[in-house]
Amino acid sequence: MQKRKMVIHCASGMENSGDEAILQVLLRRYTPDFEVTVISLSPEKTLALHGHLGIRALGEREKACRQAIADCDVFILGGGGLLQDKTTIFNPSRWLAKLRLAQRMGKKTCLYANSVGELRFGINRRMAARALKKVHLITLRDALSAELLERLGVSGAQVTADPAFSLDPPTPEEQAAARQKYDLPEKYVCIAIRHWYDTNAVIPVKIATRLGLRSKKNAARYARYTSVMAEVTQRINNELGLPAVFLSMCRGRDAGVARDILAKLPQNLGNFVVDEPSMAPQDALAVIGQSKLLLGMRLHSLIYAADLGVPMVPIVYQDKVAGLAQMLGAEAVHVDTMDADALWRLVQPALDGQIRKRHCKCRSGRGKTRACSPS
């Protein structure tokens with residue numbers, strides 16, 4: 001019997017652990033029944049991680065994308081935090097373009113495991129509302145996204161859980177391999193911050209990044225942000241007697257922030273950065289899973305910690321992180337307003353177990369997710 005065809009348009013290929021985790025779960029679930037074409041940011045990198053599952057990968061601008069969508073039975077957009085304009089006004093139009101093409105071609109469409117928002121610009125709210133009202137199935141990762149869609153007049157969205165919650169935990173062998181590969185200390189605190197204050201709302205992200213464009217206001221915010229994290233890192237070293245392992249969930253850019261933080265410390269007491277090219281989700285799981293505590297800004301670092309029962313302190317930078325922290329019942333700080341004392345006040349309660357060890361029960365077997373509720 002000939003398989004049906006599916007196209008998945010996602011952010012795979014940018015060497016971001018979270019995006020690859022979502023795609024990994026999607027592919028494990030659907031490749032047995034569908035011929036899958038992935039439209040990604042880098043087909044080569046997508047195939048390097050997922051090619052063993054027999055998929056086809058295309059770049060966003062390849063002409064073959066149009067034919068792949070024309071031939072498919074189902075088009076999926078997601079998952080992840082694609083539909084937001086906090087980083088750039090151009091994000092929604094970019095990610096909705098192929099969804100709208102699939103709709104014009106009469107395909108079954110799905111918005112899968114997304115966080116939606118912030119949408120600060122009216123043009124993007126109207127664009128998202130028009131497109132999403134026509135989608136056959138919408139699943140979201142948090143209640144805040146559902147509330148936003150309701151305000152936009154989009155009804156029927158289902159709040160489930162991020163697919164990464166259904167990843168298998170690392171085996172003892174995988175943990176040992178990660179410890180050796182990254183030379184992890186016996187005890188450490190994991191910090192998964194991300195690049196921030198380095199985008200411009202009216203300039204495409206690639207251009208802003210390539211040219212290093214940062215407003216004076218954002219430069220001051222970045223200096224404050226890295227100074228706060230440097231002070232907290234020093235307290236981890238001095239008061240807890242532990243080194244900090246900075247895990248770069250998005251290769252290169254997160255590591256650059258981590259190095260800026262470490263450069264502010266008077267001395268390096270064993271802190272270091274893990275910045276592995278094409279890091280598989282299982283590697284990141286193993287690094288976080290063996291830590292005593294996670295200070296997490298990256299959404300999927302928090303998901304990995306929650307799934308493995310690692311105490312966490314969330315650092316909110318977008319609604320999707322606030323929504324997850326709310327879902328997990330975890331007290332958080334916001335990157336725009338936090339200071340070292342505010343962040344540090346959450347560290348000891350987390351270590352003392354006052355934050356629940358098992359934050360949520362979202363696993364229902366490999367490749368499947370269900371509604372997330374605090375335990």
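In what order do the six strands of the open sheet lie?

**View 1. The open sheet has parallel pairing.** Its strand order is 10-9-8-11-12-13; strands here are DSSP E runs of at least two residues, helices are H or I runs of at least four, and both are numbered from the N terminus. Two strands count as paired if DSSP finds at least two bridges between them. Strand 10 (272-274) and strand 13 (333-334) are the edge strands, each pairing on one side only. This is a predicted model, where local features need pLDDT of at least 70, side-chain atom pairs count only at pLDDT 80 or more, and totals for chains, interfaces and linings use all residues. Residues are numbered from 1 along each chain as its sequence is written, and side-chain values use heavy atoms, leaving out hydrogens and water.

**View 2. Strand 12 (residues 312-316) meets strand 13.** The two run parallel and are joined by two bridges. Look for V316, whose bridge partner in strand 13 is H334.

**View 3. Helix 14 lies across strand 11 (293-296), strand 12 and strand 13.** Helix 14 runs at about 150° to strand 12; axes are lines fitted to C-alpha atoms, for helices over the stretch in contact, and angles run from 0 to 180 degrees between N-to-C directions.

**View 4. Helix 9 (residues 216-239) crosses helix 14 (residues 340-351) at roughly 40°.** Their axes come within 9 Å. The contact (heavy atoms within 4.5 Å) includes V228, M229 and R235 of helix 9, and L343 and W344 of helix 14.
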